[in-house]
Protein chains: 6
Amino acid sequence: MRILMINPNTSEGVTARLEQAARAVMSPQTVLDSVTAPAGVPYITTRTESLIGGVSVLEILSEHHQEYDAAIVAAFGDPGLGAARELFDLPVVGLAEAGMLTACMLGGRFAIVTFAAALEPWYRECVAWHRLEARCAGVHTLSGAFRSINDVQEEKASLLAELCNQVAASGEADAIVLAGAPLAGLAAQLRDQVPVPLVDCAEAAIGQAETLARLRPAKALAGSFRRPAAKPSTGLSPALSARIAHDTAQ
Amino acid sequence: MRILMINPNTSEGVTARLEQAARAVMSPQTVLDSVTAPAGVPYITTRTESLIGGVSVLEILSEHHQEYDAAIVAAFGDPGLGAARELFDLPVVGLAEAGMLTACMLGGRFAIVTFAAALEPWYRECVAWHRLEARCAGVHTLSGAFRSINDVQEEKASLLAELCNQVAASGEADAIVLAGAPLAGLAAQLRDQVPVPLVDCAEAAIGQAETLARLRPAKALAGSFRRPAAKPSTGLSPALSARIAHDTAQ
Amino acid sequence: MRILMINPNTSEGVTARLEQAARAVMSPQTVLDSVTAPAGVPYITTRTESLIGGVSVLEILSEHHQEYDAAIVAAFGDPGLGAARELFDLPVVGLAEAGMLTACMLGGRFAIVTFAAALEPWYRECVAWHRLEARCAGVHTLSGAFRSINDVQEEKASLLAELCNQVAASGEADAIVLAGAPLAGLAAQLRDQVPVPLVDCAEAAIGQAETLARLRPAKALAGSFRRPAAKPSTGLSPALSARIAHDTAQ
Amino acid sequence: MRILMINPNTSEGVTARLEQAARAVMSPQTVLDSVTAPAGVPYITTRTESLIGGVSVLEILSEHHQEYDAAIVAAFGDPGLGAARELFDLPVVGLAEAGMLTACMLGGRFAIVTFAAALEPWYRECVAWHRLEARCAGVHTLSGAFRSINDVQEEKASLLAELCNQVAASGEADAIVLAGAPLAGLAAQLRDQVPVPLVDCAEAAIGQAETLARLRPAKALAGSFRRPAAKPSTGLSPALSARIAHDTAQ
Amino acid sequence: MRILMINPNTSEGVTARLEQAARAVMSPQTVLDSVTAPAGVPYITTRTESLIGGVSVLEILSEHHQEYDAAIVAAFGDPGLGAARELFDLPVVGLAEAGMLTACMLGGRFAIVTFAAALEPWYRECVAWHRLEARCAGVHTLSGAFRSINDVQEEKASLLAELCNQVAASGEADAIVLAGAPLAGLAAQLRDQVPVPLVDCAEAAIGQAETLARLRPAKALAGSFRRPAAKPSTGLSPALSARIAHDTAQ
Amino acid sequence: MRILMINPNTSEGVTARLEQAARAVMSPQTVLDSVTAPAGVPYITTRTESLIGGVSVLEILSEHHQEYDAAIVAAFGDPGLGAARELFDLPVVGLAEAGMLTACMLGGRFAIVTFAAALEPWYRECVAWHRLEARCAGVHTLSGAFRSINDVQEEKASLLAELCNQVAASGEADAIVLAGAPLAGLAAQLRDQVPVPLVDCAEAAIGQAETLARLRPAKALAGSFRRPAAKPSTGLSPALSARIAHDTAQ
């Protein structure tokens with residue numbers, strides 16, 4: 001089974017963390033590759049950046065989709081996920097989606113905890129897009145600045161543990177999703193310090209991608225994720241333009 | 001009052017129809033300009049194309065936002081609307097948003113009627129994003145192909161009138177939004193053939209843009225549409241990159 | 001274009017404020033008249049008073065509806081709005097409706113801020129009737145008494161600014177609707193003191209009434225706002241009774 | 001225990017049917033009186049008429065509330081119910097409310113079946129006001145005209161039985177509320193012809209009024225149904241005006 | 001009229017309190033019997049115990065259902081209510097259901113107040129099962145331990161009154177349901193100390209059971225509460241097994 | 001990794017099908033055991049039988065929970081799932097839950113398709129309990145009888161394929177969950193005959209159980225799934241009684 005992890009952020013260090021966390025729990029039989037977006041922003045935090053990152057996801061998938069059994073959109077907020085799911089034939093799962101749906105199996109309501117207040121509006125829209133608001137007990141964020149996106153999880157580990165404990169103490173959440181690609185791998189370290197189950201999104205995403213790949217689902221020919229009809233375009237990458245045009249080379 | 005109408009589609013003919021419909025009802029004091037996306041697809045119908053069109057909207061606004069009192073994202077589905085609203089200081093309204101909110105004042109529930117089945121999934125997601133599902137009595141589409149996006153409204157006028165009558169006869173909708181930029185101006189012609197009020201989105205959008213401009217709302221400094229903090233980026237248009245970077249030239 | 005503003009309160013001073021705020025932003029081509037309810041209460045705050053004010057709205061419209069292109073029910077809470085919309089042929093917009101729908105174009109969720117705690121239950125029911133609860137971040141009120149309904153906006157201006165700032169600081173609201181006819185015109189003065197966009201309901205209402213009038217929507221012949229069948233009645237004003245009876249003189 | 005049944009319609013024949021149905025099932029110890037609205041329309045079917053009937057309910061209660069342990073607003077749609085509940089000290093239950101809440105104890109979802117299509121919009125708003133939409137499987141109506149409101153239940157009995165059977169066959173409804181004051185007493189006759197439980201609203205209302213009276217609930221001093229503060233008014237009936245003014249004689 | 005009150009808890013003292021509270025308000029013509037579960041736990045507080053108690057309810061009903069006109073599942077949380085309603089022919093009402101629906105007639109939103117924090121998750125699921133979340137302003141519980149389930153209402157009376165006052169002061173609740181079978185009869189004592197109406201669930205349940213019995217509803221032959229087809233089983237009580245098997249002796 | 005699959009039905013043949021379907025897709029490293037309920041009914045279809053099956057699940061888990069890393073409640077409808085999740089320390093996933101959450105990653109809305117109309121009410125309640133109604137496009141069932149629960153998938157394969165095609169043709173569902181333990185393994189055979197992705201619940205469940213086990217989530221010490229306090233009981237199996245009593249042997 002071959003799985004492609006796409007980091008729509010341009011930070012190579014974040015990609016490394018995502019891959020490391022996934023490798024720690026994936027099946028020995030799984031082959032995992034990862035790609036970092038060549039353009040965009042170092043870490044996506046806004047609706048604007050999510051649009052830009054979403055196009056990157058489509059461009060990367062249009063180059064590589066034929067080589068994999070499943071793909072992961074590896075930024076919380078799942079930029080481009082719906083578009084990827086309609087445009088390509090392989091199953092695609094989002095980092096947020098995987099984290100939230102996995103958390104659903106650990107209790108009635110999950111809270112989302114992350115490291116920067118700027119992420120909240122985009123994360124809330126992500127929860128709404130997935131229609132999981134009835135399962136979500138809120139998005140909780142640290143308030144201060146951080147030094148480096150690559151090392152934010154070490155810098156903020158103890159503050160995040162504290163925030164998780166506050167959220168758990170409120171009694172509203174049965175589980176907590178540690179959100180944001182830069183936090184990949186942190187849950188394993190904080191697990192014993194927090195009184196509700198913690199979900200690591202990279203761990204969840206590799207598990208969900210494996211599950212989807214094993215189901216070998218047929219590409220939808222009906223419903224809202226059927227492949228759109230061929231269409232010409234201008235100004236896109238050649239591979240993406242070809243995929244949209246149903247150019248058989250892609 | 002100066003208003004900019006942005007067509008995220010690359011079809012100049014559609015831009016002309018949008019502008020004509022808006023000019024027919026706007027205040028004599030209003031100055032209206034329009035821009036057609038230089039890249040992308042001729043008409044946006046999918047999640048994929050909405051992402052691409054959304055980036056076009058941001059690029060166009062980053063060039064022109066300082067010259068206008070309000071802007072219109074002139075494709076039903078409102079590509080890039082949330083991003084535009086957070087990134088720029090002027091009020092921005094979407095074509096779908098304007099049509100739907102105007103329809104809300106004409107009855108309890110509105111139906112959306114359009115010319116192509118391919119539009120339905122994207123339109124439904126648009127209704128959900130605006131959290132207007134409780135007001136929406138469904139998205140109803142014609143099923144066949146069409147010849148030219150520029151002339152689809154003439155080609156399909158009688159079929160659309162028939163569909164509107166079927167929808168009205170169901171009793172579920174108090175008003176009908178004629179959706180899709182290519183249908184701009186059609187409502188005025190079908191109005192007498194349909195037993196519930198018809199909303200022309202271009203007419204609604206210019207009215208809403210004028211209303212917003214007159215309110216002179218302050219740019220949000222709090223809430224989820226405050227301007228994001230400055231951030232570096234790669235691979236974007238110079239103007240958009242500068243706006244994201246808080247480069248003062250923009 | 002001729003627009004009628006109906007104040008279902010008996011306070012002439014409030015009518016004057018509403019008219020002044022509307023005139024400040026309306027198109028030069030618009031003709032605006034206003035009527036104050038001859039009977040009822042000085043300012044509507046409860047379900048009981050909303051019923052009474054709603055009948056006043058119907059009585060006033062039955063006298064004047066044929067002379068106007070659109071009408072405004074100029075009390076927040078929109079007494080009689082649904083009834084007016086079904087009974088008469090011209091478009092009718094409510095003060096709350098206009099304020100809330102306009103606020104929807106300025107962000108995801110709006111808060112309602114007003115000057116008296118007694119208004120909260122009725123306002124909440126108004127939000128629910130419009131099915132805008134998913135867009136509303138709460139009704140926030142001052143707690144103390146006030147001296148005069150005509151001058152409450154001067155008396156409470158600084159307290160309202162403070163409350164708006166508290167609401168904005170919570171991060172829950174992207175925009176604030178300054179609610180209540182007696183506050184008409186206040187938003188223009190507080191705009192610079194509050195970090196999210198403020199909506200003045202009188203400004204919004206005149207803009208929405210103009211937009212509706214320009215669309216020239218046909219009276220619904222189907223749906224839930226079609227005109228009810230003729231019916232006899234007793235004890236009503238002659239004009240209202242005649243309108244309900246389909247007496248052709250009305 | 002003394003209960004007042006208020007018919008906001010002006011049809012005495014309907015009052016007689018309501019009273020007869022209630023007496024057939026009430027406790028022998030209960031004393032039931034009824035009042036018919038002196039003004040308004042013969043049978044309420046619209047938002048407009050509901051406003052007018054709602055004021056009648058308040059006027060009647062302001063005359064008689066001190067003599068009773070509970071009151072029934074005996075028109076489906078519950079005109080004036082919220083206002084009555086805030087303005088007076090005794091428990092008040094609506095005909096629709098009683099029918100729907102009783103039906104909730106007979107299954108997951110209830111359908112509403114009635115005799116005239118004109119009633120549907122108002123009934124739907126009533127369901128929404130009570131926030132029972134998740135329990136309601138729709139409002140189903142006969143489509144034709146009827147001869148006399150007093151005898152409509154005999155005229156339409158077989159058509160209503162047929163409609164109830166269609167609704168039950170759909171599998172969507174676990175119980176059916178026979179709605180509309182003119183149908184009071186009909187459920188007892190149709191019960192054996194319909195495969196899901198039928199709820200007679202007059203039977204339900206007297207049962208609920210008795211239950212409320214036995215609980216002897218204190219008048220709310222807090223919450224949204226606390227009694228509004230005293231206020232002057234003009235143009236209302238003396239008793240209603242006095243109640244609103246906290247005039248101690250009332 | 002004969003009504004059976006089933007206590008799915010094994011505490012006889014709680015049964016006595018339930019019966020006493022019901023007798024205080026029921027019609028003189030009503031005959032009330034009660035049964036205490038012979039097996040299970042002294043007081044149900046969890047999902048686990050609710051499953052166990054639910055089976056007890058079915059076993060008890062399978063022995064006695066033919067002798068009664070209606071039955072009450074007398075534990076808040078309504079264990080086994082849905083199953084009982086589908087399996088047996090007589091109307092069955094739950095203690096929580098009766099309390100909540102009765103509270104609905106006393107205001108827009110009710111709060112649930114009870115004596116132990118352990119009850120909250122189960123109570124919340126009960127509110128959701130009844131689809132009354134839009135009417136519920138929260139489940140509020142005392143936090144400490146208690147000495148005896150039979151006497152917890154005396155032990156906690158003043159703390160519960162205080163908690164009710166806090167809840168009422170928040171303005172969110174129009175009425176309060178005093179929840180939990182062990183609190184049966186307490187509302188009558190606290191009524192004057194709390195500024196919103198208090199609902200005693202045992203009082204509400206007997207009233208609702210009487211109302212249902214008077215309606216003589218037919219057993220559903222359609223819808224989701226029709227009696228399931230006959231099925232063999234192993235390991236159940238003989239009477240329950242026979243009822244499930246449509247063994248005519250039951 | 002050791003996983004326990006619990007069939008709350010008494011049909012050994014169904015257990016064999018579940019196990020076979022799971023083994024076909026599980027990781028080579030996973031050890032899977034299964035247990036069939038010793039008492040109850042051959043196949044659970046109703047609320048009543050779900051209660052009974054739920055207690056079986058708890059009894060089985062109380063015997064075996066210490067030997068496994070995760071458990072599966074292997075009946076669609078997930079009897080006892082919430083109770084199992086609160087009472088035991090290992091992660092537990094339901095067959096319906098796994099099928100529905102997996103389907104969520106294949107599109108916006110999933111339909112549930114099964115072989116017997118009797119299953120619909122219970123399945124609908126299961127969807128509601130998981131708060132996935134916004135993602136569910138309905139429960140669709142065959143209408144006729146079947147010969148043997150063990151072989152129903154062969155008997156009904158072509159009818160189920162036909163029903164799946166009808167559901168897909170409606171355009172409402174992006175994916176279909178083939179529901180019911182007796183259909184385990186059928187999706188692999190029908191996959192090519194249906195134009196939207198099919199989810200096999202047994203395949204999904206083993207995938208989800210593996211994912212949960214790899215996350216090694218801590219048992220909740222807070223939130224609504226914390227372990228309940230110790231409590232005495234009567235009439236339960238010794239192991240279940242001991243687990244509820246916090247008897248250390250369990």
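Predicted model: local features only at pLDDT ≥ 70, side-chain atom pairs only at ≥ 80, totals over all residues.
**Entry 1. Extent of the B–C contact**

I started with the residues that take part. Chain B puts 51 residues into the contact, and chain C puts in 51 residues. I then looked up the buried area, which is about 4000 Å² between chain B and chain C. Carbon and sulfur atoms give 60% of that area. On the chain B side I asked which three residues supply more than any other three. They are Met105(B), Arg214(B) and Leu215(B), which supply 18% of the area that chain B buries against chain C.

**Entry 2. Charged and polar pairs**

I next checked the salt bridges across this interface, and the rule finds 2 between chain B and chain C. I noted the one formed by Arg214(B) with Glu210(C), where the closest N and O atoms are 2.5 Å apart. Arg214(B) had already come up as one of the three residues in the area entry. For polar contacts, I recorded 20 residue pairs between chain B and chain C, both residues being at pLDDT 80 or more.

**Entry 3. Elements on the chain B side**

Which elements of chain B each supply at least two residues of the side that touches chain C? I listed strand 4 (92-94), helix 4 (95-104), strand 8 (198-200) and helix 8 (201-215). Helix 8 of chain B gives the most, with 9 residues. Sorted by class, the side of chain B that touches chain C has 27 nonpolar, 12 polar and 12 charged residues.

**Entry 4. Helix 4 of chain B**

I went through helix 4 of chain B for burial, with buried meaning under 20% relative accessible area. The buried residues include Leu95(B), Glu97(B), Met100(B), Thr102(B) and Cys104(B). The count is 10 of the 10 residues, so helix 4 of chain B is largely enclosed by the rest of the structure.

**Entry 5. How the copies are related**

I laid chain B on chain C: a turn of 180 degrees and a shift of 0.0 Å along the axis does it, with an RMSD of 0.0 Å. Of the interface residues of chain B, 100% are also interface residues in chain C, so the copies meet through the same surface.

I repeated the check on the other pair. Chain F is superposed on chain E by a rotation of 180 degrees with 0.0 Å of shift along its axis, at an RMSD of 0.0 Å. The two copies are thus related as by a two-fold rotation axis. Leu51(F) is the residue of chain F that comes closest to the rotation axis, its C-alpha lying at 2.9 Å. Here too I compared the interface residues: 100% of those of chain F are also interface residues in chain E, so these copies meet through the same surface.

Methods
Residues numbered from 1 in each chain as written. Chains lettered and ligands numbered in written order. Heavy atoms only, no water. Contact = heavy atoms within 4.5 Å. Buried area = accessible area lost by both parts, 1.4 Å probe. Salt bridge = Lys/Arg side-chain N within 4 Å of Asp/Glu carboxyl O. Polar contact = N/O pair within 3.5 Å; in protein donor to acceptor, adjacent residues only side chain to side chain. Helix = DSSP H or I, 4+ residues; strand = E, 2+ residues; numbered from the N terminus. Nonpolar A, V, L, I, M, F, W, Y, C, P; charged D, E, K, R; others polar. Buried < 20%, exposed > 50% of the residue type's maximum accessible area, 1.4 Å probe, protein only. Least-squares fit on C-alpha atoms with pLDDT ≥ 70 in both.
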